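Please look over the sequence and the structure shown here before reading on.

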Amino acid sequence: MWKFSIRRIMIMIPQVILLSIIVFMLAKMMPGDALTGLIDPNVDPNTIAEKREELGLNDPWYEQYTRWVAGVFTGDLGQSFHFKMPVSELVWQRIVNSFWLSLLTLVLTYLIAIPLGITSGRYNDSWADRLITGYTYIGFAAPLFIFALVMLWIFGFHLGWFPTGGSVKPGLTPGTFEYVMSKLYHMLLPALSMALITTVSTVQYLRSEIIDTKQKDFILTARAKGASESRVYNRHILRNSLLPIAAFFGYEITGLIGGSIFIENIFGYPGMGQLFLNSILLRDYSVVTSLVLLFGILTILGTLLSDIILSLVDPRIRIK
Amino acid sequence: METNKIDLGKGSEIVKSPSGWKIVGREIMRDKVALFSLIFLIAIMIIVYGTSLLLDVREIVKVDLFSIHQPPSEEFLLGTDYGGRDVFGQLIIGTRNSLSIGILVTLMTGAIGIIYGLVAGYFGGTVDNIMMRILDFFQVLPFLMIVIVFVAIVPKYSILTFSLIMTAFLWMGIARLIRSKALQEKELDYVQASKTLGTSNFKIMFTQVLPNLSSLIIVTMTLNLAANIGLESGLSFLGFGFPESTPSLGTLVSYARNPQTLEFRWWVWVPASVLILVLMLSINNVGQALKRATDARQRRG
C-alpha cells in the first residue's frame, strides 16, 4: 500500500512540473505581461521599458519561470488587472463558492446513483430497471449545457421555483441561518442539474457490477447457507459492488471541474468557472493562468486520489 | 482435378462463417432503433450537405435590423434571432459545421491515437513505458480550460485550426484502448509467425495487427463522434467555438444565455438543442449496435 502510494506520488511530481511549464508558456503567449496589470497604459514608454527591466521581464525564460514558481509557492499569483486586487485573494473568494457547489453536486450524485443503481441491478429486466436504463441512455447522450438550460427554463423561469442567478439573496448578513438557507436554495438547481447528468455513468456501472456479482459462486453459497435476501444484498453484494464506485470518487472531482464551467455560466453562479470565463473575455491573463494552474493541480490530485483508493480496493493493481 | 475443385468450392461454402460486414448488417437490421437512427443520420447528412450547397451563407448571417426576433412565420420558418438572421438557415449551416468538425476531429484523433497506441503496444517494454507516461500527462490536463485558453490566444482561426486544437487534447482515449489491444494481439501466433518469417515490424503493425483491430476502431470512433459533436457545441455555447459568422449548433443554443431569449423566444434555441440531442442519441444508437455486432457475447441473434 505505502510503496504503491509513494511511487504514484513520485509520478505526480514531474506531471506538476510539466503542467506549470505549460501554464507558464501559455502565459507568455498571451498578449500583455505582469506589468500590464500594474500600471496605467498611458505612461511614457521609456518608463515602462525601465520598469520592465527592473521587474526582470527581459530575463531569459527559465529565470522568469523560477521566479514565477517561487511566487506561486509563497501564494503570490500576481495582480488582477480588472479587479485591481491580488489574484490569490480574488481566487479565494470564488473558491469557497465553487467548493460548496461541488460538494452538494457530489452528495446529490451519490444520493441518486446508489438507490437507482441498486434497484436497477437487483430487479433487472423489471419495468423499474427499464425505466432507469432508459434514463441513463438519454442522460448519457444529453450534453450537460443543454440539460442545464432546460432545467433553468422549466424550474427557474416557467415555474419560478428556484432563483435564476447569483449565489445568495442580497441584503442578508453572513453567518445567520437565513443566509445559509438562501445559499443552499441558490445552489440546489445548479447542483441538481449537474448531478442528474454526471450520475448516469455511476448508475450504469453499479447496475452491471451488481448483475455481475449476483451470479458469482459466493452468493450461491450465501443463499445455500440460508441467508435472507436482504442480507445477501446488503452484506454480500453491496460490499463488493460499492467499493469500485468509491474509487471513482477522484475521477468524479475532475469531471466536476469541466462541468462547473458550464453550470456556473448558465446559472450565473459566482464561482471559479465563471471567474475563468470572465477573465478570458476581459483579457485578465494573470487570473487565467492562475486558474488553469489551480484546476490542473486539482485534476492531478483527483486522479491520484482515485488511483490510491483503487489500489486499496483492488490489491491486484499494487503488484505491478 | 475438376471434381476436386468443385468439392473444395462446395466445402468452403458450407463452413463459411458470415463475414464481419454481414454480421454488422444483420445486427443493425434486427435492432430497429439503430436502423432508424442510421437512416435518420444519413437523411440529415444528405439534407444538410445538400441544402447548404444551395443556401447562401452570407445571406443567412447578414444582419437585418428590420426583422429582429420574429417568431416563426411563412417567411422565416423558425423565426429570426437578435440580428434578424433566419434561424432555420443557421440551423442547416450550423448542423453542417458541427458535423464537419465532429467528423474531422474524430478522424484526426483516430489517426493519431491508432498510430500512437499501435506503436506503444506493439513494441512494449521501455518504449511503451515512456509513451504511456507522456499520454498520462496529457490526460491529467484540464481539457476544457486549456482549449479555451488556446482558442482565446490564437489570433485567427479557421475550421482546421479549431479542429487541430481539439485534436491535440483528445487523442489519448483511443490511443490507450488500441495500446491495450495491441499488447494482447502481439503475443498471438500469427504475429510471432510473421516475425519468424522476417516481416518488418512496420508491415506487421499496419497490415496484420491493424486489420484485426478494425472492428474495435470503428466502434470507438462512432462513439467518439457523438462525444466530439457534444464538445464542439459546448465550446461554441461558451463562445469559444466559431465566430457568429460561421454558426454552429452550439452558437444557436448560446443565444439562450440571454434570459429574455431563454424565456420568451424558444424558436431560437430549442430546435438546435433538440437537434444536438437527437444527433448524439442516434450516433450512440448506431455505435452501440456496432459494439454488439463486434462482440459475439452481446449479439442478439
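## About the model

This is a predicted model, in which local features need pLDDT of at least 70 and side-chain atom pairs count only at pLDDT 80 or more, whereas totals for chains, interfaces and linings use all residues. Residues are numbered from 1 along each chain as its sequence is written, while chains are lettered from A and ligands numbered from 1 in the order in which they are written.

## Chain B as a whole

Chain B has 15 helices and zero strands, where helices (H or I, at least four residues) and strands (E, at least two) are DSSP runs numbered from the N terminus. Of the 301 residues in chain B, 41% are buried; a residue counts as buried if 20 or more other C-beta atoms, placed from the backbone, lie within 10 Å of its own, as exposed if 12 or fewer do, and as partly exposed in between.

Two residues are in contact if their C-beta atoms, placed from the backbone, lie within 7 Å. Among contacts in chain B between residues at least 6 apart in sequence, 66% join residues that are at least 24 apart.

Helix H5 of chain B, residues 87-123, has 37 residues and reaches 53 Å from its first C-alpha to its last, which is close to the 54 Å expected at 1.5 Å a residue; the expected span is 1.5 Å times one less than the number of residues. Because 26 of the 37 residues of H5(B) are buried, this helix is largely enclosed by the rest of the structure. Just after H5(B), Gly124(B) takes a positive phi of about 65°.

The axes of H6(B) and helix H9 (residues 172-185) of chain B come within 10 Å and cross at roughly 145°, the axes being lines fitted to C-alpha atoms, for helices over the stretch in contact, with angles that run from 0 to 180 degrees between N-to-C directions. Leu135(B), Phe138(B) and Gln139(B) in H6(B) meet Met172(B), Ala175(B) and Arg176(B) in H9(B). By class, this contact has four nonpolar, one polar and one charged residues, where Ala, Val, Leu, Ile, Met, Phe, Trp, Tyr, Cys and Pro count as nonpolar, Asp, Glu, Lys and Arg as charged, and the others, Gly among them, as polar.

## Where the chains touch

In all, 29 residues of chain B are in contact with 32 residues of chain A. Several helices of chain B each supply at least two residues of the side that touches chain A, among them H6 (125-140) and H12 (214-238). The largest share of that side, eight residues, comes from H7(B). By class, the side of chain B that touches chain A has 23 nonpolar, five polar and one charged residues.

## Features of chain A

Helix H7 (residues 177-214) and helix H10 (residues 249-266) of chain A have axes that come within 11 Å and cross at roughly 135°. H7(A) and H10(A) are therefore oblique to each other, since angles under 35 degrees count as roughly parallel, over 145 as roughly antiparallel, 65 to 115 as roughly perpendicular and the rest as oblique. Pro190(A), Ser193(A), Met194(A) and Thr198(A) in H7(A) meet Gly255(A), Gly259(A) and Ile263(A) in H10(A).

Phe99(A) is found in helix H4 (residues 87-122) of chain A, and Phe99(A) is exposed, with 12 other C-beta atoms within 10 Å. Phe99(A) and Gly271(A) are 172 residues apart in sequence and 8.4 Å apart in space, C-alpha to C-alpha.
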